[in-house]
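Colleague: I've got this model open and I'd like to learn how to read it feature by feature. Could you walk me through it?

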Amino acid sequence: MTASRLLSLVLLLQNRGRMTARQLATELEVSVRTVYRDVDALSAAGVPVYGEPGHAGGFSLVEGYRTRLTGLHEAEADALALAGLPGPASELGLGADLAAAQLKLDAALPPALRERAARVRERFHLDTSRWYREAEQVPRLAAVAEAVWNRRTLRVLYRRWAEPQEVERELCPLGVVLKAGVWYVVAQSPGRTGSEVRGAAVRTYRVSQILRLTDTGGAPFERPTGFDLAAYWRGWVAGFDEHRFRGRAVLRLSGQAWRRFPEQVDTVVLDAAETHAEQPDAQGRVRTVIPIESVEHATGEVLRLGPGIEVLEPPELRNAVADAARALLRLHEARTGPDESGVADPV
């Protein structure tokens with residue numbers, strides 16, 4: 001454990017530069033006293049780490065010092081072999097760079113770990129795309145990623161659901177996110193409402209909905225100090241679910257429908273259903289509560305779940321499901337004069 005922590009300390013200083021004892025302690029999840037002991041141990045072992053006192057001080061490595069990848073464990077080498085995602089890298093315009101980096105990594109690994117990493121790539125494949133849908137076309141993704149990297153402001157024509165559907169926006173892109181096979185760009189948009197970061201709204205845009213994109217040609221924008229893309233995304237997803245579900249429905253499910261339920265709904269709905277589920281009644285039916293987006297959307301979702309699910313509340317949803325079911329029944333019973341394909345003649 002100590003050896004692993006010492007290597008992590010060296011890599012932190014190598015990758016981030018000067019760090020205080022408190023910062024190192026936080027990263028390594030140890031006490032400040034332990035950090036000082038580890039620094040002494042590294043110095044005694046010949047690692048050129050030194051400290052500078054004062055408010056702007058901290059620990060650093062002598063300039064030019066680099067460690068090698070000889071300290072990797074087998075599990076770490078396995079993880080590195082799985083870290084490269086060829087599909088997303090190619091979409092970002094980094095496919096060739098990823099292949100070159102993989103070759104360099106293989107060359108740097110000891111022979112035993114190199115062989116193990118090759119076996120991992122042979123036997124595990126990561127596919128980030130969603131089932132039953134073709135991959136989204138994102139021809140402007142590479143340009144968006146380049147603007148993120150170079151802090152270039154973009155002027156885009158964006159297609160949204162609300163009217164007017166096509167709108168022009170000026171974006172200062174802060175990062176890109178791949179979620180379930182869909183690419184998003186997180187960007188500051190002056191003059192728009194949204195999460196505020198240093199006075200400018202931060203919003204999320206689906207890259208495939210960018211119809212036109214041009215670089216404004218101005219100076220690089222100032223990236224907000226301390227902006228955490230991962231933290232923003234977690235908050236945005238939580239807020240999206242909170243605003244997506246605007247109502248609730250009380251359901252009663254047969255035993256078979258309850259067993260199928262986890263395979264048919266998303267995580268948010270399933271968590272709510274399991275939280276509110278009551279004990280099965282004498283017929284094995286389970287009463288529970290789920291969040292819904294709207295009566296219209298929930299009607300289709302309930303019908304999609306199949307027989308064995310009864311809506312108890314709200315009355316509007318119960319009536320809508322009943323009306324839809326009666327309409328389906330009429331449609332499938334009133335088949336007069338079907339042609340050879342089985343489609344009824346028009347009335």
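Colleague: Let's start with salt bridges. Which residue does R244 form a salt bridge with?

Modeller: Keep in mind that we're looking at a predicted model. To call a salt bridge, you look for a side-chain nitrogen of Lys or Arg within 4 Å of a carboxyl oxygen of Asp or Glu. Here R244 pairs with D266, and their closest N and O atoms are 3.4 Å apart. R244 sits in helix α9 (residues 229-244) and D266 in the loop between α10 and α11, so the pair ties together parts that are 22 residues apart in sequence. There's a further partner too: salt bridges that share partners join R244, D266 and E293 into one network.

Colleague: Is D266 buried, exposed or partly exposed?

Modeller: D266 is partly exposed, with a relative accessible area of 33%.

Colleague: How many salt bridges are there by that rule?

Modeller: The count comes to 14. One of them joins R5 and D38, with the closest N and O atoms 2.6 Å apart. R5 belongs to helix α1 (residues 2-16) and D38 to helix α3 (residues 32-44), so this pair ties together parts 33 residues apart in sequence. Both R5 and D38 are buried.

Colleague: And what about E27 and R16?

Modeller: Their side chains meet in a salt bridge at 2.7 Å, N to O. E27 is in helix α2 (residues 21-28) and R16 in helix α1, so the parts tied together are eleven residues apart in sequence. E27 counts as partly exposed at 39% relative accessibility, and R16 is partly exposed as well, at 49%.

Colleague: On to strands. In which sense do β3 and β4 pair?

Modeller: For strands, follow the bridges from one to the next. Strand β3 (residues 154-159) and strand β4 (residues 166-179) pair in the antiparallel sense, over six bridges. If you want a spot to check, V156 has R169 in β4 as its bridge partner. The two strands form a hairpin with six residues between them.

Colleague: How many bridges link β4 and β5?

Modeller: Seven, again in the antiparallel sense, with β5 covering residues 182-188. P173 stands opposite A187 in β5. β4 and β5 also form a hairpin, with two residues between them, and A180 in the turn has a positive phi of about 55°.

Colleague: How should I read a phi like that?

Modeller: As a point to stop and look at: most residues other than glycine have a negative phi, and most peptide bonds are trans. E29 has a positive phi of about 60° although it isn't a glycine. E29 lies in the loop between α2 and α3 and is exposed, with a relative accessible area of 72%. R151 also has a positive phi, about 55°. You'll find R151 in the loop between α8 (141-150) and β3, partly exposed at 35% relative accessible area.

Colleague: Which peptide bond is cis?

Modeller: The one from E313 to P314 is cis, with omega near -5°. P314 lies in the loop between β11 (309-313) and α13.

Colleague: Last one, the surface. Which residues form a nonpolar patch?

Modeller: L303, L328 and L331 form one, with about 270 Å² of accessible area together. L328 lies in helix α13 (residues 315-333) and is partly exposed, at 42% relative accessible area. Buried residues make up 31% of the 347 residues.

Terms used:
Residues numbered from 1 in each chain as written. Predicted model: local features only at pLDDT ≥ 70, side-chain atom pairs only at ≥ 80, totals over all residues. Heavy atoms only, no water. Pairing = 2+ DSSP bridges. Helix = DSSP H or I, 4+ residues; strand = E, 2+ residues; numbered from the N terminus. Patch = residues over 30% accessible without salt bridge, like charges linked within 9 Å, V, L, I, M, F, W, Y side chains within 5 Å. Areas by Shrake-Rupley, 256 points an atom, 1.4 Å probe, with all protein chains shown as cover. Buried < 20%, exposed > 50% of the residue type's maximum accessible area, 1.4 Å probe, protein only.
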